[in-house]
2 protein chains.
Amino acid sequence: MSFRRVAIIGLGLIGGSIGLALRDDGLGTTTTGYDADPAVRTRARARGLADTICDDPGDAVRGADLVILCVPVGAMREAAAAIAPDLSPDCVVSDVGSSKRTITDALTDALPGFEIIPAHPVAGTEHSGPDAGFSTLFNQRWCIITPPPGANPAKVAALVDFWESLGAMVETMDADHHDRVLAVTSHIPHLIAYTIVGTASDMETVTRSEVIKYSAGGFRDFTRIAASDPTMWRDVFLHNKDAVLEMLDTFLTDLALMREAIRAGDGQMMYDTFSRTRAIRRSIVALGQDDPRPDFGRSDHK
Amino acid sequence: MSFRRVAIIGLGLIGGSIGLALRDDGLGTTTTGYDADPAVRTRARARGLADTICDDPGDAVRGADLVILCVPVGAMREAAAAIAPDLSPDCVVSDVGSSKRTITDALTDALPGFEIIPAHPVAGTEHSGPDAGFSTLFNQRWCIITPPPGANPAKVAALVDFWESLGAMVETMDADHHDRVLAVTSHIPHLIAYTIVGTASDMETVTRSEVIKYSAGGFRDFTRIAASDPTMWRDVFLHNKDAVLEMLDTFLTDLALMREAIRAGDGQMMYDTFSRTRAIRRSIVALGQDDPRPDFGRSDHK
Ligand SMILES: NC(=O)c1ccc[n+]([C@@H]2O[C@H](COP(=O)([O-])OP(=O)(O)OC[C@H]3O[C@@H](n4cnc5c(N)ncnc54)[C@H](OP(=O)(O)O)[C@@H]3O)[C@@H](O)[C@H]2O)c1
Ligand SMILES: NC(=O)c1ccc[n+]([C@@H]2O[C@H](COP(=O)([O-])OP(=O)(O)OC[C@H]3O[C@@H](n4cnc5c(N)ncnc54)[C@H](OP(=O)(O)O)[C@@H]3O)[C@@H](O)[C@H]2O)c1
């Protein structure tokens, strides 16, 4: 089976990119879109983010065989409740939220009896809103699908095909494991970047204008991810609390060891740590998840 | 006054970039170069990093009116001692080291009676060695000059002109203040990046291959600076210990507050912090120290 009518709820960076990618895929999929914000719907119409942009969530999902919720993590339950009365009984409901356990529970709760197969495309930029999306966002990026126990295998397979048709590589895993993996690879890096940018702007002995001026020494790379959407990230930390705290504490232990090495002048310990980390970078580049070029190959994507 | 003969000691990323920039500046400056490593000298000759590459440090500095030490921070004293017997009495000795207090002390000690005017171009990449340099590295980047009390004003002015002729914008400040500013804008970001990449590679519940696969969620941006040269960074942390520990402790206090906000589910505190940090990014972009394009404008530089 494959999905013929796809409804996208939430037309920001991710929802808009899905719509644009479907328009370009040549498979003739029909798309409808809805966003709670009338100004977003206006922009979505202008950019053609879906074939039809509806002013009512029910109109968007009626007749759809795949509904994808692309709203902030904290708005998933409300968005699901709003479409519940109009969903086709055998449609698949999926989402793109950055954490999976609490969303799975919220959707199961709000949509009893429906086939819920959560997903998370590991692709994004620091921009959000209806003007941020682009059709190649998912190219060569992973999408993690977290089918609950008992999910219909044919429908899971259809969702895998769907993401592959958008250019993504797909992996399936359990929701709890997803939340741990993403805590390490995404949530902790964002938390640290937000914190250090905050620390640097409040220093007593170093002015904010000095921080800005000399940011090319490393700091500026943190400011990019610390410019990500505050609503999205607040929701991620509210919803993936346990895994984030677990990973944060491991990081804090390692940072205390580094602090002690600096205090004690232990050059060997530092040298060893700093040498090991280069290998990871090489593997990431080799796997096509980053690029050795100075622009990380980002110019290919936008 | 301006410098007619410039000797570059250490022909890696920074020394090589200085040599290439001088070749292109059209001012007719003569350059000599020396590196302790014969293999580096061979590559330096092949790339033309200086007009003459010498096999002996004394030959390189004899007759030079500006000598720039471009070796790792921990090798500055030894490199200075090796050239001491052959320096012209009225030459200026400068350097490019990433920390300034301990280097100033080491150079003053090794070269009594010479005019020592330390400097630090805040520009770099994660690559090192004689093949890493390029002539536009310092374009639109800041160079901080830290003249000791009693430095000859005409010679300080000549060093300012020198860096401006390489494309840099110049600021002067006290060595101790430099070390605090760079601790915030460069040393702590590198320390954190090295630590988080280390933490992520040693997780028990998440495999290394998962970390690599899903790195596009934020982690990969840390791996680039954590791939920087281990020798250089060991030396930075050995030599800028006090300022790094001071700034690290401020960061740790802020991170503990964020941890508590996550634990308590304090969404408002997170939202406020995450919103404030966007303004800093905008200022950095507005000041030309980063670029809103997906490649940060790096393609302009290399
Ligand atoms: N950005 C990334 O890098 C990234 C990557 C992977 C996954 N994700 C996940 O993707 C989801 C969307 O993120 P995004 O970056 O696309 O955010 P975005 O650009 O802000 O788009 C979200 C859109 O949903 C709208 N919305 C909010 N509540 C709604 C509701 N109840 N019904 C319908 N529309 C609603 C928002 O309108 P208002 O703005 O007016 O509230 C906004 O237009 C999030 O769950 C996020 O965790 C993000
Ligand atoms: N990389 C950056 O981003 C950056 C930015 C601003 C400032 N800096 C500072 O610039 C300096 C050089 O850094 P870099 O990145 O250019 O390093 P690099 O590429 O490793 O170059 C340093 C060169 O100096 C040689 N060397 C070591 N000891 C020497 C000695 N006693 N006499 C002569 N040559 C010697 C090294 O040879 P071996 O490799 O064989 O030891 C190497 O070829 C450091 O002080 C660093 O703190 C770096």
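This is a predicted model: local features need pLDDT of at least 70, side-chain atom pairs count only at pLDDT 80 or more; totals for chains, interfaces and linings use all residues.
Residues are numbered from 1 along each chain as its sequence is written, chains are lettered from A and ligands numbered from 1 in the order in which they are written, and side-chain values use heavy atoms, with hydrogens and water left out.

**View 1. The surroundings of ligand 1.** The side chain of D35(A) places an N or O atom 2.7 Å from an oxygen atom of ligand 1. V71(A) has a polar backbone atom 2.7 Å from an oxygen atom of the ligand.

**View 2. The surroundings of ligand 2.** Ligand 2 has 29 residues around it, and I14(B), D35(B), V71(B), S98(B) and G129(B) come nearest. An oxygen atom of ligand 2 is 2.9 Å from a polar backbone atom of L13(B). For D35(B), a side-chain N or O atom is 2.7 Å from an oxygen atom of ligand 2. A backbone N or O atom of G129(B) also lies 2.7 Å from an oxygen atom of this ligand.

**View 3. Helices α7(A) and α10(A).** Look for α7 (residues 175-201) and α10 (residues 230-239) of chain A, which pack at an angle of about 120 degrees with their axes 11 Å apart. Helices are DSSP runs of H or I with at least four residues, numbered from the N terminus. Axes are lines fitted to C-alpha atoms over the stretch in contact, and angles run from 0 to 180 degrees between N-to-C directions. The contact (heavy atoms within 4.5 Å) is made by S186(A), H187(A), H190(A), L191(A) and Y194(A) of α7(A) and P230(A), W233(A), V236(A) and F237(A) of α10(A). These residues divide into six nonpolar, three polar and no charged.

**View 4. Helices α7(A) and α11(A).** Helix α11 of chain A covers residues 241-264 and packs with α7(A) at an angle of about 65 degrees, their axes 9 Å apart. On the α7(A) side, the contact includes D179(A), R180(A) and H187(A), while α11(A) contributes residues including E246(A), M247(A) and F251(A).

Conventions:
Helices (H or I, at least four residues) and strands (E, at least two) are DSSP runs, numbered from the N terminus. Ala, Val, Leu, Ile, Met, Phe, Trp, Tyr, Cys and Pro count as nonpolar, Asp, Glu, Lys and Arg as charged, and the others, Gly among them, as polar. A polar contact is a pair of N or O atoms within 3.5 Å; within protein, one must be able to donate a hydrogen and the other to accept it, and residues adjacent in sequence count only if both atoms are side-chain atoms. A residue is near a molecule or strand if one of its heavy atoms lies within 4 Å of it.
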